[in-house]
Amino acid sequence: MAPADQDARLRQLLADVQSGARNIDDAVATLRNPLAATAQLGFATVDHDRARRCGFPEVVFCQNKLPEDAAAIAAEILTRSDRVLLTRAEPAHAAAVQAKLPQAVWHERARCLTVAPETLAETGLVAVVCAGTADLPVAEEAAVTARIAGNRVEQFTDIGVAGLHRLLARIDAIRAANAIVVVAGMEGALPSVLGGLVDRPVIAVPTSVGYGANFGGLSALLTMLNSCVAGVAVVNIDNGFGAGYLASQINLRTASPPPRL
């Protein structure tokens, strides 16, 4: 962490003690052990030290969470962070979060909610390449994740291997990225094809899009894992968030110096 960031966090800690928002014992524990910087909500333990350790605040996974619980966790994260990302959100989560945090933006296709500064940094470039329109929800999740983490993102949609000319027409623009997320369902061939055309890390995301023998994305996953192309890494089925996060880590490390929240 940069010295200026350390000073800012220390000043905030002292201000919280002065205002009564935090007691002295909590402040001492935080100074002795950053992992103690947590907030107990009863149903959740919010990790306020995540951004310092990992470069991005704790992310709220909404699936199987009560909407009001997801909203409460997001609000708590924002007490010590300037942004929050919620993934796998349903309309009920969106309603609860926006009722508590009116500034929250609902990315319906991506099933994400975000609260972020009006002006976000746009460092480097992450390309999010989507094989087909049916794969867009997963690709959008990756793009939303990378953007809120401070990356410039360019999306390339519907350029799967069924029409290879569509990919070749965009290849120069894709090559400009520091990290490339490739989202594909059906047989999942696009990451291998693209990986043989670029000298950048390719993060492959299999989707559950496809007919019966696709087995809910398993066939695409196995295709990607068995790729003979070097430089291709694979995340779990439909895990756009994981791909966007990894692409962000690669891209921000390419920047000099890497930005910290």
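This dialogue reads several features of the structure above, which is a predicted model.

Visitor: Let us begin with the sheet. In what order do the 4 strands of the open sheet stand, and what is the pairing?

Guide: Strands of a sheet pair through backbone hydrogen bonds, either parallel or antiparallel. Here the open sheet has the order β3-β4-β6-β5, with mixed pairing. Its edge strands are β3 and β5 (105–107), each of which pairs on one side only.

Visitor: In which sense does β3 pair with β4, and over how many bridges?

Guide: Strand β3 (residues 60–61) and β4 are parallel partners, joined over 2 bridges. Within this pairing, V60 has L86 of β4 as its bridge partner. The two strands also belong, together with helix α4 (residues 67–77), to a right-handed β-α-β unit.

Visitor: How does β4 run relative to β6, and how many bridges join them?

Guide: Strands β4 and β6 (residues 112–115) run antiparallel and are joined by 3 bridges. Opposite L86 stands L113 of β6, and opposite L85 stands T114 of β6.

Visitor: Which residues of β4 point one way, and which the other?

Guide: In a regular strand the side chains alternate between the two faces of the sheet. In β4 (residues 84–87), V84 and L86 point one way, whereas L85 and T87 point the other way. Are these residues buried or exposed? All of them are buried.

Visitor: I turn now to E141. Where does E141 lie, and why does E141 count as buried or exposed?

Guide: The residue belongs to helix α6 (residues 136–148). A residue is classed as buried under 20% relative accessible area. E141 therefore counts as buried, since its relative accessibility is 5%.

Visitor: With which residues is E141 in contact, leaving aside neighbours within four places in sequence?

Guide: The contacts of E141 include T87, R88, A110 and C112, and also D238, N239, G240 and F241.

Visitor: Are D47, R50 and R53 buried or partly exposed?

Guide: D47 is buried, because its relative accessible area is 13%. R50 is partly exposed at 26%, and R53 is partly exposed at 34%.

Visitor: Where do D172 and R175 lie, and how many residues apart are they?

Guide: Both lie in helix α8 (residues 171–175), 3 residues apart, which is about one turn of the helix. D172 and R175 form a salt bridge in which the closest N and O atoms are 3.4 Å apart. D172 counts as exposed because its relative accessibility is 60%, while R175 counts as partly exposed at 34%. Elsewhere, salt bridges with shared partners link D47, D49, R50, R52, R53 and E58 into one network.

Visitor: Finally, which residues make the nonpolar surface patch of about 410 Å²?

Guide: The patch is made by F215, L218, L222 and L225. Of these residues, L222 is placed in helix α10 (residues 218–225). L222 is partly exposed because its relative accessibility is 43%.

Note on methods
Residues numbered from 1 in each chain as written. Predicted model: local features only at pLDDT ≥ 70, side-chain atom pairs only at ≥ 80, totals over all residues. Heavy atoms only, no water. Buried < 20%, exposed > 50% of the residue type's maximum accessible area, 1.4 Å probe, protein only. Contact = heavy atoms within 4.5 Å. Pairing = 2+ DSSP bridges. Right-handed = clockwise from strand over helix to strand, strands pointing away. Patch = residues over 30% accessible without salt bridge, like charges linked within 9 Å, V, L, I, M, F, W, Y side chains within 5 Å. Areas by Shrake-Rupley, 256 points an atom, 1.4 Å probe, with all protein chains shown as cover. Salt bridge = Lys/Arg side-chain N within 4 Å of Asp/Glu carboxyl O.
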